[in-house]
Amino acid sequence: MTEQFDAIVVGGGHNGLICATLLAQAGKDVLLLEANETVGGAAVTETFADDFRVSRCAHLLYGLQPDVARDLGISPRLASDNMATIALDTAGKHVRIDGARAGGVDSADQAELREFHAQMLKFSGLLRTLLNKTPPRLGSNRRQDLVALAQLGLRLRLLGKADMREFLRLIGMNIYDEVEERFGNPLLRGALSLDAVLGTHLGPRSPNTILTLLYRWSATGGRISSPAGGMGAISDALADGARRHGVDIRTRMKVKRIVVDNGRAAGVETEDGTTFDSLTVVSNADPKHTVMDLVGTRHVETGFARRIHNVRMQGNAAKLHLALDGLPTIKGLDKKDLSQRLVVAPDADYVERAFNPAKYGEYSPQPVIELTFPSLRDDSLAPAGKHVMSAIVQYAPHALRSGWSDETRAGFERVIMDKLAEYSPDLGKRVTDSELLAPVDIAQRFGMGGGHWHHGELTLDQFLFVRPVAGAAQYALPLEGLFLCGAGAHPGGDVSGAAGRNAARAILAREKSA
Amino acid sequence: MTIQQVKQRPLQTPFHARLAEIDRLNQWHNWKGYSAADAYYDHGLEYFAIRNSTAVLDLTPMTKYRIRGAEAAAYVDRLLTRDMSKIRPGRVAYAVWCNDQGQVIDDGTVFHLRENEYRLCSQERHLAWLTAAAIGMDVTITEETADIAALAVQGPTSFSVLKNLGITGLDELKPFGLLHTDFEGAELMVSRTGFTGDLGYELWIAASHAEPLWDALFEAGRLHGIRAIGTHALDVARIEAGLLAAGDDFLPAEETVRPGRSRSPFELGLGWLVDFKKPNFNGRQALAEEQRRGSTWRFVKLNIEGNKPAHHSYIYAKRRGRLKQAGFITSAVWSPVCKQNIALGTVRVPHGEAGSTLWVEIYYQREMHWSRVMAEAEVVAKPFWDPPRRRATPPGDF
């Protein structure tokens with residue numbers, strides 16, 4: 001007999017876990033199906049070389065939305081909190097950014113950074129209020145939509161005339177113009193540019209790269225931390241919470257299709273042919289995969305299928321993991337500095353030039369890099385005396401023109417190692433093992449289309465009221481009983497949990513009003 | 001870089017040389033880029049060829065798409081509002097298709113040529129929409145407007161003409177049926193379809209065989225009053241038959257800008273083409289909602305007093321003893337065969353129920369001076385012209 005559930009969550013990423021938990025908290029009988037052996041999606045800690053473990057995909061925490069953590073009653077133990085960003089310089093004249101404070105820059109830049117930081121903090125706070133609720137539906141006459149829109153307008157107006165104008169000026173703008181106007185120090189410009197474009201198919205001169213920066217800051221104001229035990233610890237805590245609330249988690253169950261019966265979602269079928277019935281199916285998969293592959297376009301409207309088909313989600317970030325037999329040295333940095341977040345982005349033009357080849361399907365010969373040595377903060381990740389390096393490297397287009405093969409992976413890894421050697425000549429000698437995950441590997445391993453960790457580019461045309469597309473921005477897809485709860489839905493990616501929590505609320509609210 | 005000058009010329013159908021030869025009026029217009037004639041010698045006489053003998057219209061400019069692939073049947077079933085699983089190979093269906101909002105994009109005829117192969121024939125061009133509808137389905141869409149030459153052969157003697165041409169199997173060919181035959185080594189498709197509401201056929205052949213087909217057809221029809229006609233005569237006939245013309249009686253939904261300017265199938269009197277019992281189709285949710293909530297507009301066929309055609313007129317309805325504007329005329333003509341002043345129009349619900357009375361404000365010009373008449377009009381349910389010979393199988397040997 002086919003098992004029946006009140007709700008089925010497809011995919012056990014952190015958003016899926018959060019959504020499942022909240023639905024179970026509300027008394028639902030919830031089944032969560034995960035294709036991989038472990039839940040956690042892109043927030044997992046895994047062994048990549050003998051005795052070396054690393055956060056395999058996402059490697060830094062920009063903060064679970066504080067109210068999500070509160071709702072679920074979890075407080076992850078942090079190995080380090082409030083990490084500084086060090087913009088590396090080959091000559092050792094690094095710039096250290098610590099929130100609003102910058103070291104290694106002149107007083108004019110210091111003053112500008114304080115002002116910039118305060119402003120971004122204010123605007124990201126405004127964004128935060130938007131990210132934590134279901135966006136109103138435009139063009140609807142329903143009271144709740146009109147009230148929500150009015151609140152949004154009011155909140156914008158309450159910024160005051162000058163700030164509102166500034167917010168509206170910045171929101172569609174590119175980071176390049178802003179940092180060039182404000183700052184003199186090229187390293188400072190480069191580091192802020194990198195922050196704005198990390199994880200996107202955008203360069204610093206691309207429109208709305210201030211929005212992407214604000215988005216990253218929106219959870220906890222740009223505060224970066226690292227959980228003890230790696231990102232997997234967050235997922236473990238979420239999974240424990242889910243089980244405690246009675247969520248039935250089954251792993252190694254890859255969902256093949258969402259069953260549509262009589263014009264509505266009616267359950268799921270897994271690859272091994274098992275079917276599960278439920279009138280509520282919640283997809284943690286990206287919107288494209290959900291609609292194009294799991295549901296099938298024939299079950300939705302043509303215009304809607306076209307919009308979903310055209311969602312831009314080309315991943316551009318590769319992940320490099322190194323197993324090291326000892327700590328490498330970087331001129332001008334001590335061991336404590338190495339435990340911070342280090343970036344290779346010597347100036348804004350460098351970042352933009354790194355992006356140029358990606359437009360034409362080539363990887364950057366001079367890449368930008370965000371690197372960390374997580375084993376310095378957390379000795380559970382490597383054997384005593386040994387270390388792990390985890391780096392996000394851009395740009396490495398998902399659709400590489402020459403194709404991702406062992407050869408191109410090795411080629412890109414060489415490029416990265418050469419670049420790192422400019423800063424740390426002894427790094428290469430320390431490497432005992434390495435792993436490069438190209439966006440295709442990330443796509444395959446973590447089930448995110450295009451290897452894009454936001455499940456869809458974070459740009460204004462795919463944001464808020466129109467994320468992932470118009471007609472699906474309120475978590476409900478235009479197929480009765482089917483919902484999105486992943487990064488492709490409002491507000492977007494990063495391990496923040498907002499999408500999963502908002503989705504659960506939207507599902508419960510819908511039920512109540514029905 | 002040098003910019004190449006592209007010389008824009010009107011397109012000509014493969015029958016153009018023949019048409020130019022018989023043309024006496026030089027009244028050409030642009031039909032989807034092609035040169036097409038309003039009339040060749042006299043639109044009145046051309047019209048009577050439709051009703052009294054055989055009229056031939058070059059309908060090559062009609063947009064034609066070939067739909068093929070393993071999922072072609074599922075594709076057309078999702079594209080169109082009617083249940084296409086009932087349209088077997090060798091059959092033709094009149095159909096409409098809608099956008100996500102349940103508004104009509106266009107109407108047209110769908111020819112089920114073979115298993116998993118269809119031809120969609122419509123007034124407007126729709127490649128973008130058809131391609132979007134194919135996303136995620138194993139089907140290919142090919143535009144074949146220029147490759148296929150097409151003729152409408154319509155009128156009471158059309159059956160005899162085609163028999164004379166040597167086509168066999170017409171005795172059993174029912175309305176909305178099609179057959180394939182050979183014409184001088186090329187595949188000729190004959191469908192019992194048309195836009196005149198009369199007995200008639202449409203012929204479809206590779207463009208390279210257009211002229212030989214034309215010559216043989218006119219030779220075969222010499223003693224049956226065969227005549228080439230322009231679009232003016234056809235327009236009169238289609239209004240008599242109560243058939244809609246895209247661009248006149250409704251606007252393709254994807255071309256409207258203002259809200260409320262498009263129409264749903266229910267609002268065009270085509271509710272019979274919407275089947276909620278079949279699997280998902282474009283516009284389904286919106287149409288179900290409209291059915292629940294009620295439509296805004298209603299399509300009406302009007303029999304108007306007097307003899308002055310009600311072109312572009314306002315329609316009025318009586319409410320509390322006073323005439324209030326209720327809608328407007330979209331097509332109007334004096335019907336020579338019905339001897340009636342007829343029109344098609346769109347009125348706001350609840351007005352326009354069959355059998356009810358409406359008023360039409362007609363402006364007409366006599367020697368430069370304008371006059372106005374408020375004419376009473378009856379809403380009729382049936383087409384103005386619907387002779388039994390249209391459906392008779394085998395058709396009469398006139």
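A quick note on ground rules. This is a predicted model, where local features need pLDDT of at least 70, side-chain atom pairs count only at pLDDT 80 or more, and totals for chains, interfaces and linings use all residues. Residues are numbered from 1 along each chain as its sequence is written, while chains are lettered from A and ligands numbered from 1 in the order in which they are written.

**The two chains**

Chain A has 17 helices and 21 strands, and chain B has 8 helices and 19 strands. Chain B, with 398 residues, has a radius of gyration of 22 Å, close to the 21 Å from the globule rule, so it is as compact as a globular protein of that length. Helices (H or I, at least four residues) and strands (E, at least two) are DSSP runs, numbered from the N terminus. A residue is called buried if 20 or more other C-beta atoms lie within 10 Å of its own, exposed if 12 or fewer, and partly exposed in between, with C-beta atoms placed from the backbone. Two residues are in contact if those C-beta atoms lie within 7 Å.

| Chain | Span along principal axes | Buried residues | Share of contacts (residues at least 6 apart) joining residues at least 24 apart |
|---|---|---|---|
| Chain A | roughly 65 × 60 × 45 Å | 56% of 514 residues | 73% |
| Chain B | about 70 × 60 × 55 Å | 47% of 398 residues | 68% |

**Where they meet**

The chains touch through 13 residues of chain B and 14 residues of chain A. Helix 4 of chain B gives the most, with 3 residues. Sorted by class, that side of chain B has 6 nonpolar, 5 polar and 2 charged residues. For the classes, Ala, Val, Leu, Ile, Met, Phe, Trp, Tyr, Cys and Pro count as nonpolar, Asp, Glu, Lys and Arg as charged, and the others, Gly among them, as polar.

**Inside chain A**

Helix 8 (residues 209-217) of chain A is mostly covered, with 9 of its 9 residues buried. Among them are A:Leu211, A:Tyr215, A:Arg216 and A:Trp217. The buried residues of helix 8 pack against helix 3 (107-131), helix 5 (161-171), helix 6 (175-182) and helix 7 (186-197) of chain A.

Over in helix 3 of chain A sits A:Asp109. A:Asp109 is buried, with 20 other C-beta atoms within 10 Å. Leaving out residues up to four places away in sequence, A:Asp109 touches A:Ala102, A:Phe183, A:Gly184, A:Asn185 and A:Leu188.

Then there's an open sheet of 5 strands in chain A, ordered 11-3-2-15-21 with parallel pairing. Strand 11 (248-250) and strand 21 (482-484) stand at its edges, each with a single partner strand, so one side of each has no neighbour in the sheet. The twist from one strand to the next averages 20°; axes are lines fitted to C-alpha atoms, for helices over the stretch in contact, and angles run from 0 to 180 degrees between N-to-C directions. Strands pair if DSSP finds at least two bridges between them. Strand 2 (residues 7-10) and strand 15 (residues 281-283) of chain A pair in the parallel sense over 3 bridges, and A:Ile8 stands opposite A:Val281 in strand 15.

Technical notes. Rg over C-alpha atoms; globule rule 2.2 N^0.38 Å.
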